[in-house]
Amino acid sequence: MKNNRIYLSPEEMPTEYYNILPDLPSPLAIPLNPVTKKPLDPNDLSEIFPEELIMQEMSPERFIKIPDKILEKYAVSRPTPMYRAFQLEEFLDTPAKIYYKYEGVNPGGSHKINTAIAQAYYNKRAGVKNLVTETGAGQWGSALSIAAKQFGLNLQVFMVKVSFMQKPHRKTLMQLYGAEVSASPSNLTRTGRKILSESPDSPGSLGIAISEAIEIAVQNKATNYSLGSVLNHVLLHQTIIGEEAKKQLNKVDEYPDIIIGCAGGGSNFSGVSFPFLRDKLGGSKKNLRVIAVEPASCPSLTKGKFTYDFGDVSGFTPLLKMFTLGHKFIPPKIHAGGLRYHGMSPIVSNLYSEGIIEAVSYHQLEVFEAAQNFLVTEGILPAPESAHAVKGAIEEAKKCKKNNEHKTILFNLSGHGFLDLGAYNLYVNNKLEDYQLPEEIIQRYFAEMPEISLA
């Protein structure tokens, strides 16, 4: 019998995060103050983030120790398993070896718990009593609800309205952990009221929800803001995924030729890939390919502009240089809500601009088809976001068959889809549609981005 599972013992769990900043081929562009448009002073962030997270955001250290209390909380579900997808390989009749790291085994069902626990811990140490955040599909909101409860913090969540309606069980899970959940745009903030007055039927966006959350945070000294993706410290916390994956593949004497992750803001993609990119950037694995997979209806990498932009619709966040569709971009109502963000992490954007990583986009229906094939072969229903990585892996495996290449593919199955059955119900009943983002729409949002001159 083939053994398809590769485990690590609790004693083998990594004890350090990997910080890719010192190894980037070119330094990140300096974040700018949203008001003055001048280089951001770290103190500007102290109103919404604890000092230790601010330090991690710009740390020059290659490795950052994971505190024992965080490791203790991680141990509920970490190290997470890795699987060899033998049945998927057989279904595809491919000579490729396909491995996947499965992050859906914790109570929140996704990789988001890795940074949620860390952020709750650092905020608790700083004496913060309340957290406020946004969530798209609800995976991040679920994870932070769990972490906040564990550290005795109150949590307020602004959930993008279209997902609030599409995914009621995510809302219920957050509420069971004590979080207050509101559909965004809401009447609780100036940002929300303004948007509702202009567009009463607005489906919302992560950019809007972020604005609402930050607005609440700056009004209350006892409240901090927490973000589930994009920022450097968030990606840092996710690298425990890739650090574990390296150890697991080493147990079977394997190293990936191709690494794949879905990409919305960049956190799970970075988590699985950055520890391997350390080898590529160091010159030992020059031929390693790393592929970010995004939805064709929200293609920040493949169709966005690499420029300074806000992370939210109201312009509260620092200006970050990233691939963006424009901070006022309202994405279509696709069911991969966690990938409906207008911008990409500055680090991921930097790597893409330098040609270190690749990016592809796929439409909704072909992604759901890939998810169904994965379910019937491997027995796990992927979250719609994670299904983009499944689709990417399948396409690379097909290329291996066509070219008779015996490559090793690793992808991150960042979460399960058992709270997304409403979307899958629409799929099996032929009620899902693809959406082609018109070029004129993209150009319209480009025109609303801020003009920045650093001269």
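Contact here means heavy atoms within 4.5 Å. The model is predicted. In it, Glu-57, setting aside neighbours within four places in sequence, is in contact with Leu-21, Leu-231, Asn-232 and His-233. The points below cover this residue, the aromatic pairs, and charges over rings.

**Glu-57**
- Glu-57 lies in helix H1, which spans residues 51–57.
- Glu-57 is buried but has no salt bridge. The nearest side chain of opposite charge belongs to Lys-112, 14 Å away.

**Aromatic pairs**
- The count of aromatic pairs comes to 14.
- One of them joins Phe-49 and Tyr-225 in a tilted arrangement, with 6.1 Å from centre to centre and 40 degrees between the planes.
- This pair links distant parts of the chain, 176 residues apart: Phe-49 is in the loop between strand E2 (16–18) and H1, and Tyr-225 is in strand E9 (residues 223–225).
- Both Phe-49 and Tyr-225 are buried.
- Phe-323 and Tyr-352 form an edge-to-face pair, at 5.2 Å centre to centre and 70 degrees between the planes.
- Because Phe-323 lies in strand E13 (residues 320–324) and Tyr-352 in helix H14 (residues 346–353), their pair ties together parts 29 residues apart in sequence.
- Phe-323 counts as buried at 9% relative accessibility, whereas Tyr-352 is partly exposed, with a relative accessible area of 22%. The cut-off for buried is under 20%.
- Tyr-83, Tyr-100, Phe-374 and Phe-411 are linked into a cluster by ring pairs.

**Charges over rings**
- Lys-391 lies over the face of Tyr-362, 5.4 Å from the ring centre.
- Arg-444 has its charged end over the ring of Tyr-445, at 4.8 Å from the centre of that ring.

Note on methods. Residues numbered from 1 in each chain as written. Predicted model: local features only at pLDDT ≥ 70, side-chain atom pairs only at ≥ 80, totals over all residues. Heavy atoms only, no water. Helix = DSSP H or I, 4+ residues; strand = E, 2+ residues; numbered from the N terminus. Buried < 20%, exposed > 50% of the residue type's maximum accessible area, 1.4 Å probe, protein only. Lys, Arg positive; Asp, Glu negative; His and termini not counted. Salt bridge = Lys/Arg side-chain N within 4 Å of Asp/Glu carboxyl O. Phe/Tyr/Trp six-rings, centres within 6.5 Å; stacked < 30°, edge-to-face > 60°. Lys NZ or Arg CZ within 6 Å of the ring centre and 35° of its normal.
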